[in-house]
Amino acid sequence: MIYFFTWNSEYLLKEYINWWKNLFIKKYWDFNLLYIKNISDLSENILIENITWSSFLSEKRLIIIDSLPISKWEKNKNITFLEDSILANINNISENNIVVFCSINPDKRSKLYKKLLKISKIKEFNIKSEFDIKKTIENKYKWKINNNAINTIIKYKSWNLNKIINELEKLFILNEIVNNDCIIKNIEPEIDESIFMFINDILNLKIKEWLNKLSNILQNINIYAFYNAFLSNIRNIIYIYVLKNKWLLNNKITEVLKLWKRWFIVQKNYQINLKDLSKLYISLINLDKQMKTGKLIWTREKDFICEFENILLKLSSILS
């Protein structure tokens, strides 16, 4: 019997695999279970032998193979070779063996992927939206976390369900119930979320808040990487202003700008207007140009940070 567990949620897939393992062990014992977590560590002969061999002493064997078919980001030639070997021997898999292929975001061009679509029992573990993530958290932690706290940790951890669950498990060690204040005090936002919060303060002219956030952000990311991410986000917000002025609907703006998980940015209102936001963007572009052409008076990283802060402070003080 061949199964194919797939799609985009590693957390949901792993939970289901653990449930399957426990059920199997209760019935057939753990020596009939083989979980291959890193297929690249196996030789071709050992791999094929394991999926085709059948024990006379047991009714069933469960073989779980992680990360096959190959993911669309994987470039490992050895894994591709092992895929081809499995494909050549897939019809020789014993009837007593339950072989489970597990792959997050598989490469749909893969020959093994196409073969499994035809011959395996497929189960998909898919997170399509923030609503799916919220539902998963609510089901797992009923009555232990409120709605505001769920919304906050989803944003803090950039919609990564694995990271969200890991952080919540730590909090539940010392807290019977997790509320929004608990999340804010104990969880550090991911860098991209920290940048978004920083931008939110800039555009709402909260000088003290964004200065504090900038200091914290630069402890975890290079100023130039941060600067480029900041510039990219400001550009998106300018596009949103422009498209809103053209009376485009919010969902259309989200689609045009490919905002996906950041769809809520379209619904945001800021104190800064389009004219002043454009001035800020031009000032930042000029700073970037000066840096790349060697026209800045100083070239050290801390001097660039100072120039960057001065642009933001000048804007904030004029508009406050």
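User: Which residue lies over the face of phenylalanine 172?

Analyst: Good place to start! This is a predicted model, and in it lysine 144 sits over that face, 4.5 Å from the ring centre of phenylalanine 172. A second case is lysine 123, which lies over the face of tyrosine 16 at 5.0 Å from the ring centre.

User: Now for rings beside rings. How many aromatic pairs does a search of the whole structure find?

Analyst: The search gives 20 aromatic pairs. To read one, look at the angle between the planes: over 60 degrees counts as edge-to-face. Phenylalanine 4 and tyrosine 113 have planes at 80° and centres 5.9 Å apart, so they are an edge-to-face pair.

User: Which parts does that pair tie together?

Analyst: Phenylalanine 4 belongs to strand β1 (residues 2-7) and tyrosine 113 to helix α4 (residues 111-119), so the contact links parts 109 residues apart in sequence.

User: Are phenylalanine 4 and tyrosine 113 buried or exposed?

Analyst: Phenylalanine 4 is buried, at 0% relative accessible area, and tyrosine 113 is buried too, at 9%.

User: What kind of pair do tyrosine 16 and tryptophan 19 make?

Analyst: Their planes are at 40° and their centres 5.4 Å apart, so this pair is tilted. Tyrosine 16 and tryptophan 19 both lie in helix α1 (residues 10-28), 3 residues apart, or about one turn of the helix. Tyrosine 16 is partly exposed at 23% relative accessibility, and tryptophan 19 is partly exposed at 46%.

User: Which residues form one aromatic cluster?

Analyst: Look for Phe198, Trp210, Tyr224, Phe226, Tyr227, Phe230, Phe304 and Phe308, which form one cluster.

Methods. Residues numbered from 1 in each chain as written. Predicted model: local features only at pLDDT ≥ 70, side-chain atom pairs only at ≥ 80, totals over all residues. Heavy atoms only, no water. Phe/Tyr/Trp six-rings, centres within 6.5 Å; stacked < 30°, edge-to-face > 60°. Helix = DSSP H or I, 4+ residues; strand = E, 2+ residues; numbered from the N terminus. Buried < 20%, exposed > 50% of the residue type's maximum accessible area, 1.4 Å probe, protein only. Lys NZ or Arg CZ within 6 Å of the ring centre and 35° of its normal.
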